[in-house]
Amino acid sequence: MPSIVCSAQASYKKLPGLLELTNTHLQWTKAGDKTPTVKVAHSEAASLSRSKAGAAQVRLKVGLVNDEAGHNFTFTSPQAVALAEREKFEAELTNIIARNRAGAAASPQQPPGPTLALPTPAPATPTTPRPPSHLGTPARPTPQLSRAPPSRAASVASDSHASGTPVSDPTNDFRLRKKVLLGNPELAQLHRELVMGGHISENEFWEGREHLLLAQAAAESQKRGKPGQLVDPRPQTVDGEIKIIITPQLVHDIFEEFPIVARAYNDNVPSKLSEEQFWSRYFQSKLFNSHRASIRSSAAQHVVKDDPIFDKYLEKEDDDLEPRRLREERVDTFIDLGATSVDHEETGNEKDVTMQAGKQKAVLPLIRKFNEHSTRLLDTALGGPAAKRRRTESGDDRLAQLDLEDLHDNQTSAGILLDMQDRQRYFDGRAVSMGEGVPSGPKIDFRGALEQAKLGTQDWPARLAQLKIEKKAGEAALIGMTQNVASRLDVKMRKHDIPDGFFRQLTTCQTAANEFLRQFWLAIYPPPTESLTLSTATPAQKAAKAAKMIGYLSKTHEKVDALVQAAQQAGVDPARVKVALKPVLDAVDKALEYWRMKNANAKGQQR
């Protein structure tokens, strides 16, 4: 029987249970069950991430070798206990993942396993999707099986060559890098000058820029949601004629929004009407005008001609006090156009009619139509009514929907605790001084202060009328702001007096020096966060990289001197070039001085 290293109460997919780490597996068992629901062998653990510091929930995510999404666990103990339990699991799993990576680096790379190819569905014909006749409402199309692109966080973190980008999928990496460079011309120019110029390698260039690739991958993996606009086809002018353009997507939306139209389509196409005749007569019928998302559609019914086919499907206006179709679940308060529960506080036992929805009877059908559409849209986004959270009418629960974790500042800190020596004596001394009645300040005669304030406010209207404000201060402020704006405009007007070719040389020198500085400090100091990249470069490799970057930085002054001389030939003031590049030169000098002091200390220790 495997021995348990550590255990904690944790939830998985919002179900309570017990999380255990044994000497062979990480397993989670649902509360009340005896067999583990989740069981992960040590050799399958590939990455580890945690929730932000200060977050409301203490979470731990374990990524797997063949499943980067992995498993998310939420520790359910009190905050302090949960943090300690997570630290224990994190320490043990970190050692396990380190052993797995060391073993993977030592063993030869295995060829990828066989890929299962799903049969490609036949292309859809551009015809109207026909709803099933036995239900009267169109069945939603079966979603095609597609696998979303996996998260790139784990692959970025597990690069064995410290490239900051995945090596397991070179084609996808190249595509992402290309898209990032195409979307950022300045970065593409820097890439051409440094990487294609042979100064730094491709991996070194992308180290520290993993967030750009992660953002691009996340943008591509996002699934576009359903439009929130109510289905309301609008006529368009085409070749001088007013037409309504019908597309398969529009037909699908109409069938989904108005099931009665799908029923009419099933009953009459193609037995009585062709598809073209059906849509032509529908858009001229009273049924279509009753579906318009405007209160003005009720007026149009008096001018639209009768249709013996579509008039049979007309429904009575839903303008009674109670809706015609009662829903199993009430409409969410925050999307209900008829909600009045928080309009104002109740002041008596009289019935509230001041904000009652539907005092104008023609508005009720439109309110209920919008409520149904909003509810359907929300259910689609949340995965259906069963996945939607049950909300009660209590104010706390309703307002809890608006309390989003991302809106909280999790970076706030209580400060650094001051470790005082002999703190008890300090507080005892303050208590004694306060007990002895030591006066803390001059006594104030509150009655006299009040009388003086009353005297000071007498005849204030007359004194206010005599108040004269000097214009000098306001005019001086206005002149100062005007001169500031004028100087800014002057700078913008004079920015083009530098020739374009020479200006590109200035920007090239600056961006190249900044990139060399970034590469140098990346080799000297560890990355600010370990979540995006985990460089495995050895100290010797980092030292060699730093020495290489110092070699480039040492030539920066020569390049700037050459630009100053070129400025004189181009008719540009050399002083402007020196001022523009002075911050870069200061940063380069600081890096050179740091490298010189570090080497001097190393030589002193060797002696």
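Is Tyr12 buried or exposed, and what is its relative accessible area? Tyr12 is buried, at 11% relative accessible area. Buried means under 20%, exposed over 50% and partly exposed in between, with a 1.4 Å probe and protein chains only.

The model is predicted: local features need pLDDT of at least 70, side-chain atom pairs count only at pLDDT 80 or more, and totals for chains, interfaces and linings use all residues. Residues are numbered from 1 along each chain as its sequence is written, and side-chain values use heavy atoms, without hydrogens and water.

The structure holds 22 aromatic pairs. Rings of Phe, Tyr and Trp (its six-membered ring) pair if their centres lie within 6.5 Å; planes under 30 degrees apart are stacked, over 60 edge-to-face, the rest tilted. Tyr12 and Phe73 form a tilted pair, 5.4 Å centre to centre with 35° between the planes. Tyr12 lies in strand β1 (residues 4–12) and Phe73 in strand β7 (residues 71–75), 61 residues apart. Helices (H or I, at least four residues) and strands (E, at least two) are DSSP runs, numbered from the N terminus. Phe73 is buried at 2%.

The Phe75 and Phe89 rings are also tilted, because their centres are 5.8 Å apart and their planes stand at 55°. Phe75 is in strand β7 and Phe89 in helix α1 (residues 79–106), so the pair ties together parts 14 residues apart in sequence. Phe75 is buried at 4% relative accessibility. Phe89 is buried at 1%.

Ring pairs also link a cluster, with Phe255, Tyr265 and Trp279 among its members.
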